[in-house]
Every structure is written in structure tokens, then in C-alpha cells.
Amino acid sequence: MAAFGLRLAGGGAHQSKTMMFQEIDAVLASGFTDLADIKRSVIEENILGKATANNRALTYRHLVSLYAVSHGVPLFQALAALWKVDAPGRRLLALLAALARDPLLRDTVPPILGATIGEPLPRELFEAALLKANPERFSDKMLRSLAQNCASTWTQSRHLEGKVRKIRRRVTASPQVAAFAALLATVSGFGGPAILNSLWMRVLDLSPDRALDLLRQAEGQGLVRVRSAGDVTEISVRQPMAIALGIGQLEHV
């Protein structure tokens with residue numbers, strides 16, 4: 001999991017930032033995937049339009065932390081490759097990558113999955129989830145800031161709507177997004193039908209049947225392989241995606 005790019009413990013960018021969708025979108029839209037090129041474009045060329053050199057350097061560090069920005073990390077390589085071919089799915093691709101990289105953001109999944117569509121989600125629900133997962137770890141001030149940042153990320157992903165009063169909305173995943181979720185589920189140890197019930201699919205508001213339908217569509221793009229025989233469903237992701245995206249390392253993580 002670590003070799004793929006997942007982070008299982010520790011802090012994360014959400015202690016001071018959100019998932020920074022606009023920033024990662026601008027970086028990946030630049031076409032750069034090499035770490036040195038990305039660093040130069042952000043810090044020296046200032047493609048993100050930050051006001052000071054310190055802001056540029058800080059933003060770059062947060063992007064590296066949150067998205068594993070490096071040519072040698074399979075998670076980032078897969079993200080960058082799918083980003084090119086799935087413009088409508090970019091917000092959910094970014095969310096999945098952020099969830100994989102920031103354990104603190106993952107701690108706020110329960111309020112999202114537990115809410116009904118149209119239900120308000122006040123900041124206090126995120127604070128409670130973070131406190132439950134991290135007892136006595138944060139001051140009240142940090143807990144409030146962290147909850148606000150996480151809520152902002154869920155707003156950027158379109159799970160929430162509203163500037164002050166956050167309302168739960170249903171998101172719509174593409175086949176490419178479902179394939180990326182299946183890849184993350186596979187790397188996390190899920191296999192077969194368990195992939196369809198994993199957190200990675202549920203956070204996309206997908207039922208197992210709908211997730212399977214999207215994966216069958218992704219199969220037509222060469223991203224996954226789905227085989228069903230009676231009650232047995234086999235879902236292969238690593239090898240098909242490695243071939244389709246030209247990322248050989250995916251077969252070995």
C-alpha cells in the first residue's frame with residue numbers, strides 16, 4: 001500500500017489546507033508529470049498565481065503531500081493519466097487521491113456516508129468524527145479548522161453544497177472514476193465483490209450494482225476486466241490499467 005502511494009497514518013494537508021482542487025487541476029493541466037518540472041512550474045514560473053515565494057513553496061509542499069506528486073509513485077501516475085481522459089470526473093478523482101493520502105480526511109467519511117441526500121451537515125459533525133478517531137490529539141482551535149478544511153474538500157468534490165449551511169448532495173461517478181476507486185480498493189486488500197462494497201465505491205454514492213455497471217463500462221476502455229460466472233464475480237484492475245495507461249508499476253503493487 002505504501003509503495004503504491006497510500007498513507008495509513010499520520011497528519012495531512014487538511015490540517016492547514018483543503019484538497020486544493022484548482023491547484024492540482026492547474027498542475028495536471030500543464031502536462032507536467034515529472035517532479036522537477038512540476039516544482040519549477042509552481043515555484044519558479046508561478047503557474048498557480050501565488051502572491052509570494054513562500055506561498056508558492058508552501059503550496060508545492062502541500063500538493064506533494066496530498067497527491068504524492070512524483071514520477072515514481074503509481075498513485076500519482078494513475079491520477080495524472082486518468083485526469084487527461086476524464087475531465088468531468090476530475091473532482092472525484094482528486095477526492096479519491098486525497099482520501100488515499102490524508103488519513104484525517106478519511107476520518108470524516110462517516111458523516112458523509114451516514115447522511116441522507118438533502119440533509120444538512122454542520123461543522124460539528126465533522127469535529128465529532130475527527131475527535132472520535134483522534135481523541136485528545138487536537139486543540140479546540142485546530143479541531144475547528146481541520147473540520148472546516150475537510151468540509152470544504154467535500155464541497156469541492158460536490159458531496160456538499162452551500163457556503164455556510166452545507167447540504168448533502170449526490171455525486172455522479174464516471175467509469176474512469178469507478179476504475180480508479182476499484183484500483184484503490186484492490187491495493188487496500190479488497191477483491192472480487194468486496195471491491196463493490198468498499199469505502200472507495202460507497203464514497204462515490206455507488207450501490208454495488210451501479211459500481212459493477214460502471215466497471216463494465218470501464219472494461220470497454222481497457223481499464224478493468226470483469227468476469228462473472230453464477231454468483232462469482234472477478235474484477236481485475238492492476239494489469240488492465242497498467243497496460244491501458246502505460247504504467248508498468250501498477251502490476252507490482
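1. A residue counts as buried when its relative accessible area is under 20%. With a value of 5%, A68 therefore counts as buried. Keep in mind that this is a predicted model. A68 sits in the loop that joins α3 (53–67) to α4. Its phi is near 55°, which is a positive value in a residue other than glycine. As background, most residues other than glycine have a negative phi, so I'd give this spot a look.

2. E136 is another one for the backbone list. Its phi is positive too, at about 60°, and E136 is not a glycine. You'll find E136 in the loop between α8 (123–133) and α9 (140–156). Is E136 buried or exposed? The cut-off for exposed is over 50%, and E136 has 81% relative accessibility, so E136 counts as exposed.

3. On to aromatics. The structure has 1 aromatic pair. The partners are F21 and W83, with ring centres 5.9 Å apart and planes at 35°, so the pair is tilted. That label follows because planes under 30 degrees apart count as stacked and those over 60 as edge-to-face, with the rest called tilted. F21 belongs to helix α1 (residues 21–29) and W83 to helix α4 (residues 74–85), so the pair ties together parts that lie 62 residues apart in sequence. Both F21 and W83 are buried.

4. Now a helix packing. Helix α10 (residues 175–187) packs against helix α12 (residues 208–219) at an angle of about 105°, and their axes are 8 Å apart. Angles from 65 to 115 degrees count as roughly perpendicular, and α10 and α12 are therefore roughly perpendicular to each other. On the α10 side the contact uses P175, A178, A179 and A182, while α12 brings in L214, L215, Q217 and A218. By type, the contact residues split into 7 nonpolar, 1 polar and no charged.

5. Finally, the chain as a whole. There are 13 helices and 4 strands in the chain. Its radius of gyration is 18 Å, close to the 18 Å that the globule rule gives for 253 residues, so the chain is as compact as a globular protein of that length. Along the principal axes, the C-alpha atoms fill a box of roughly 55 × 40 × 30 Å.

Notes:
Residues are numbered from 1 along each chain as its sequence is written. This is a predicted model: local features need pLDDT of at least 70, side-chain atom pairs count only at pLDDT 80 or more; totals for chains, interfaces and linings use all residues. Side-chain values use heavy atoms; hydrogens and water are left out. Rings of Phe, Tyr and Trp (its six-membered ring) pair if their centres lie within 6.5 Å; planes under 30 degrees apart count as stacked, over 60 as edge-to-face and the rest as tilted. Helices (H or I, at least four residues) and strands (E, at least two) are DSSP runs, numbered from the N terminus. Buried means under 20% relative accessible area, exposed over 50%, partly exposed in between (1.4 Å probe, protein chains only). Axes are lines fitted to C-alpha atoms, for helices over the stretch in contact, and angles run from 0 to 180 degrees between N-to-C directions. Angles under 35 degrees count as roughly parallel, over 145 as roughly antiparallel, 65 to 115 as roughly perpendicular and the rest as oblique. Contact means heavy atoms within 4.5 Å. Ala, Val, Leu, Ile, Met, Phe, Trp, Tyr, Cys and Pro count as nonpolar, Asp, Glu, Lys and Arg as charged, and the others, Gly among them, as polar. The radius of gyration is taken over C-alpha atoms; the globule rule is 2.2 Å times the number of residues to the power 0.38.
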